[in-house]
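User: Got a model here I'd like to go through with you. Can we start with the aromatics?

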Amino acid sequence: MPDPKVFNYTMDGLSYSVTVYEEDGKILADIEMLEGSMDVNAVYFGDDDYSGSSTSLGGPLNMNGAQYDGEKVQWDGASYVSDPGLGPDADEKESYIHAGDTLTLELDADSLDDIDIFGIRATSTTTDAGSIKAVSGDPEEPEDPDEPTFDKVLFGTEVDEAGNVIDGITLTALDDPAYGIQLPEGTEPTFDNYLAFFDEEVEGYDVESLETIRFFTTSPEGWAVQIGELPAPEDGWTSVDDVLEDYDALVDSGAFDTEDPGAEGLSLIAALSTGDEEEDAPVEEEPEPEAEMDLV
């Protein structure tokens with residue numbers, strides 16, 4: 001699936017961003033209001049070839065005279081959104097959006113490749129003129145969110161009634177054998193890489209045997225801190241892809257959106273470094289507590 005395209009527009013009193021993307025075979029546009037307000041009446045799009053006749057909705061919805069970089073734009077498609085004018089029920093008009101609102105529209109386009117220029121005809125705007133024929137080009141690709149990384153990941157294959165992992169293996173990015181088996185030097189400690197190493201390199205364990213996966217970082221004091229857990233489904237996982245699908249859902253839920261790995265309430269979990277039983281295996285102990293918008 002092609003990457004989304006992001007168009008930005010800013011002028012005194014008004015700023016917005018438009019993300020155009022493909023979903024379920026449709027081309028959609030999310031108009032996110034960043035500053036000010038506007039009543040979106042029509043949207044236009046075109047490619048970077050300005051030859052041929054231009055599409056126009058006419059009347060108060062036209063984009064006559066619109067230019068980009070000093071050149072008149074030739075529009076390949078346009079969509080009606082609403083009639084100009086707010087009336088007494090302005091705040092109930094879905095096309096009237098304020099800072100923080102997002103209006104999602106379906107475009108009559110066959111492909112994202114057809115959209116290199118994006119235009120908005122809007123009235124009741126928070127600009128001096130009170131209306132805009134706005135044109136945006138040179139779309140950007142949205143930034144990918146930073147993928148979580150972990151100091152160690154515990155792959156547990158047996159959990160007792162108290163929730164303690166009594167068999168499994170721990171992989172770590174730390175250069176310390178006390179924390180588990182180290183990832184190959186230079187490997188980014190993302191879960192994808194941990195899981196690939198577990199699946200391909202670790203003997204005696206497999207995805208089908210997993211009951212839980214636990215994720216750890218290190219507090220400023222040097223304690224291993226559990227920041228998330230991915231329990232296996234009732235019937236277990238049958239493939240690496242199954243695990244990754246559930247992991248992606250965990251990330252999307254915001255499970256790792258924490259800024260303070262030493263925050264109170266996060267558990268310290270003793271993790272197994274290997275599947276062997278060793279009396280002198282290091283155990284991490286918990287320290288003593290200190291005294292006291294959408295519009296779619």
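User: How many aromatic pairs does the structure hold?
Analyst: There are 12 aromatic pairs in this predicted model. Rings of Phe, Tyr and Trp (its six-membered ring) pair if their centres lie within 6.5 Å; planes under 30 degrees apart count as stacked, over 60 as edge-to-face and the rest as tilted.

User: What is the geometry of Phe150 and Phe256?
Analyst: Their ring centres are 5.0 Å apart and the planes sit at 65 degrees, so the pair is edge-to-face.

User: Where do those two lie?
Analyst: Phe150 is in the loop between β11 (131–136) and β12 (152–159). Phe256 is in the loop between α2 (240–252) and β17 (294–295). The pair therefore ties together parts that are 106 residues apart in sequence. Helices (H or I, at least four residues) and strands (E, at least two) are DSSP runs, numbered from the N terminus.

User: Are Phe150 and Phe256 buried or exposed?
Analyst: Phe150 is buried, and Phe256 is too. Buried means under 20% relative accessible area, exposed over 50%, partly exposed in between (1.4 Å probe, protein chains only).

User: What about Phe191 and Phe215?
Analyst: Phe191 and Phe215 form an edge-to-face pair, 5.3 Å centre to centre with 70 degrees between the planes. Phe191 belongs to helix α1 (residues 191–201) and Phe215 to strand β15 (residues 212–218). That links distant parts of the chain, 24 residues apart. Both Phe191 and Phe215 are buried.

User: Which residues do ring pairs link into a cluster?
Analyst: The cluster consists of Phe150, Phe155, Phe191, Phe198, Phe215, Tyr247 and Phe256.

User: Which ring does Lys152 lie over?
Analyst: Lys152 lies over the face of Phe216, 4.8 Å from the ring centre. The test: NZ of Lys or CZ of Arg within 6 Å of the ring centre and within 35 degrees of the ring normal.

User: Zoom out. What is the overall make-up?
Analyst: The protein has two helices and 17 strands. Of its 296 residues, 40% are buried.

User: Now Tyr44. Where does Tyr44 lie, and is Tyr44 buried or exposed?
Analyst: Tyr44 is in strand β4 (residues 37–46). Tyr44 is buried, at 0% relative accessible area.

User: What does the side chain of Tyr44 reach?
Analyst: The Tyr44 side chain reaches the backbone nitrogen of Leu57 at 3.1 Å. A polar atom of that side chain also lies 2.6 Å from the backbone oxygen of Leu61. A polar contact is a pair of N or O atoms within 3.5 Å; within protein, one must be able to donate a hydrogen and the other to accept it, and residues adjacent in sequence count only if both atoms are side-chain atoms.

User: And which residues does Tyr44 touch?
Analyst: Leaving out residues up to four places away in sequence, they include Trp75, Met63, Ile117 and Phe118. Contact means heavy atoms within 4.5 Å.

User: Backbone next. Which phi does Asp24 have?
Analyst: Asp24 has a positive phi of about 55 degrees, although it is not a glycine. Asp24 is in the loop between β2 (14–23) and β3 (26–35). At 70% relative accessibility, Asp24 is exposed. Asp138 has a positive phi as well, about 50 degrees. Asp138 is in the loop between β11 and β12. Its relative accessible area is 59%, so Asp138 is exposed.

User: How does Ser15 sit?
Analyst: Ser15 lies in strand β2 and is buried at 8% relative accessibility. A 3.2 Å polar contact joins the side chains of Ser15 and Thr10.

User: Last thing, confidence. What pLDDT does the protein average?
Analyst: The average is 86, and 85% of the residues score at least 70. pLDDT is the predictor's confidence in each residue, from 0 to 100. Over residues 261–296 the pLDDT is below 50. Where pLDDT is low, the predicted coordinates should not be read in detail.

User: And the ground rules?
Analyst: In this predicted model, local features need pLDDT of at least 70, side-chain atom pairs count only at pLDDT 80 or more, and totals for chains, interfaces and linings use all residues. Residues are numbered from 1 along each chain as its sequence is written, and side-chain values use heavy atoms, with hydrogens and water left out.
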